[in-house]
Amino acid sequence: MADSSFDIVSKVERQEVDNALNQAVKEISQRYDFKGVDASIAWSGEKIEMRASGEERVKAVLDIFQSKLVKRGISLKALKAGDPQASGKEYKIIASLEEGISQENAKKVAKIIRDEGPKGVKAQVQGDELRVSSKSRDDLQAVIALLKGKDLDFALQFVNYR
């Protein structure tokens, strides 16, 4: 019998992020507490830029955006937001989306699988993803449950389960 396997990736669906951003724009334009503070959120190349006239207001814009991401099923671990910066009369926050598993994070996950996972499970780093294989599908399910239980500082998705 051939080995069963799955891939561990860290990807963000850009369309879902775009939908969350559009929902945040709509809410900001309609909310009473944002009247007259020039609050905005928009794409700036590959990053997301939030602006408002006060530091608290720009943090509120970030909070709205984060709540919209959660509602759309995107992990907040993929969003890296900076601190509010003053630029002229307004404050802004630049946020970026992190995709792909770095080499060191992939090694961390592989070590967790080796140390705490079932015996006979192999993990190989392949670029910015991790392939996990085993003879038993039950062992693979146990590895998925193990990794979901861990509090890692990056988002994980499990794909190509076969």
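1. Let's start with a cut-off: a residue counts as buried when its relative accessible area is under 20%. Keep in mind that this is a predicted model. Now take Glu49, which sits in strand β3, residues 47-52. Its relative accessible area is 16%, so Glu49 goes down as buried.

2. Who are the neighbours of Glu49? Leaving aside residues up to four places away in sequence, Glu49 touches Ser40, Ile41, Ala42 and Ser44, and also Lys92, Ile93 and Ile94. There is a side-chain partner to look for as well: a polar contact of 2.5 Å joins Glu49 to Arg51.

3. On to the aromatic rings. A pair of rings is described by how far apart the centres are and by the angle of the planes. How many aromatic pairs are there? The count is two. One of them is Phe6 with Phe158, at 5.8 Å centre to centre and with 75° between the planes, which makes the pair edge-to-face. Find Phe6 in strand β1 (residues 4-9) and Phe158 in strand β9 (residues 157-159); the pair links distant parts of the chain, 152 residues apart.

4. Phe6 has a relative accessible area of 0%, so Phe6 is buried. Phe158 comes out at 24% and therefore counts as partly exposed.

5. Phe6 also pairs with Tyr161, and here the arrangement is tilted: 6.3 Å centre to centre, with 40° between the planes. Phe6 belongs to strand β1 while Tyr161 is in the segment after β9, so this pair ties together parts that are 155 residues apart in sequence. Tyr161 has a relative accessible area of 33%, which means partly exposed. Put together, Phe6, Phe158 and Tyr161 form one aromatic cluster.

6. Two arginines are worth a look too. Which ring does Arg14 lie over? Arg14 lies over the face of Trp43, at 3.8 Å from the ring centre. Arg57 lies over the face of Phe34, at 5.1 Å from the ring centre.

7. Next, check helix α3, residues 103-116. With 14 residues at 1.5 Å a residue, α3 should span 20 Å, and its end C-alpha atoms are 20 Å apart, so the two values agree. To get that expected span, you multiply 1.5 Å by one less than the number of residues.

8. Which residues of α3 are buried? They are Asn105, Ala106, Val109, Ala110, Ile112 and Ile113. Why do they end up on the same side of α3? Because they cover an arc of only 155° around the axis. As for what the buried residues of α3 pack against, look for β1, β7, β8 (129-134) and α4 (137-149).

9. Finally, have a look at Ala123, found in strand β7 (residues 122-126). Its relative accessibility is 29%, so Ala123 counts as partly exposed. Not counting residues up to four places away in sequence, Ala123 touches Ala110, Ile113, Arg131 and Val132.

Key. Residues are numbered from 1 along each chain as its sequence is written. This is a predicted model: local features need pLDDT of at least 70, side-chain atom pairs count only at pLDDT 80 or more; totals for chains, interfaces and linings use all residues. Side-chain values use heavy atoms; hydrogens and water are left out. Helices (H or I, at least four residues) and strands (E, at least two) are DSSP runs, numbered from the N terminus. Buried means under 20% relative accessible area, exposed over 50%, partly exposed in between (1.4 Å probe, protein chains only). A polar contact is a pair of N or O atoms within 3.5 Å; within protein, one must be able to donate a hydrogen and the other to accept it, and residues adjacent in sequence count only if both atoms are side-chain atoms. Contact means heavy atoms within 4.5 Å. Rings of Phe, Tyr and Trp (its six-membered ring) pair if their centres lie within 6.5 Å; planes under 30 degrees apart count as stacked, over 60 as edge-to-face and the rest as tilted. A charge sits over a ring if NZ of Lys or CZ of Arg is within 6 Å of the ring centre and within 35 degrees of the ring normal. The arc is that of the directions from the helix axis to the C-beta atoms.
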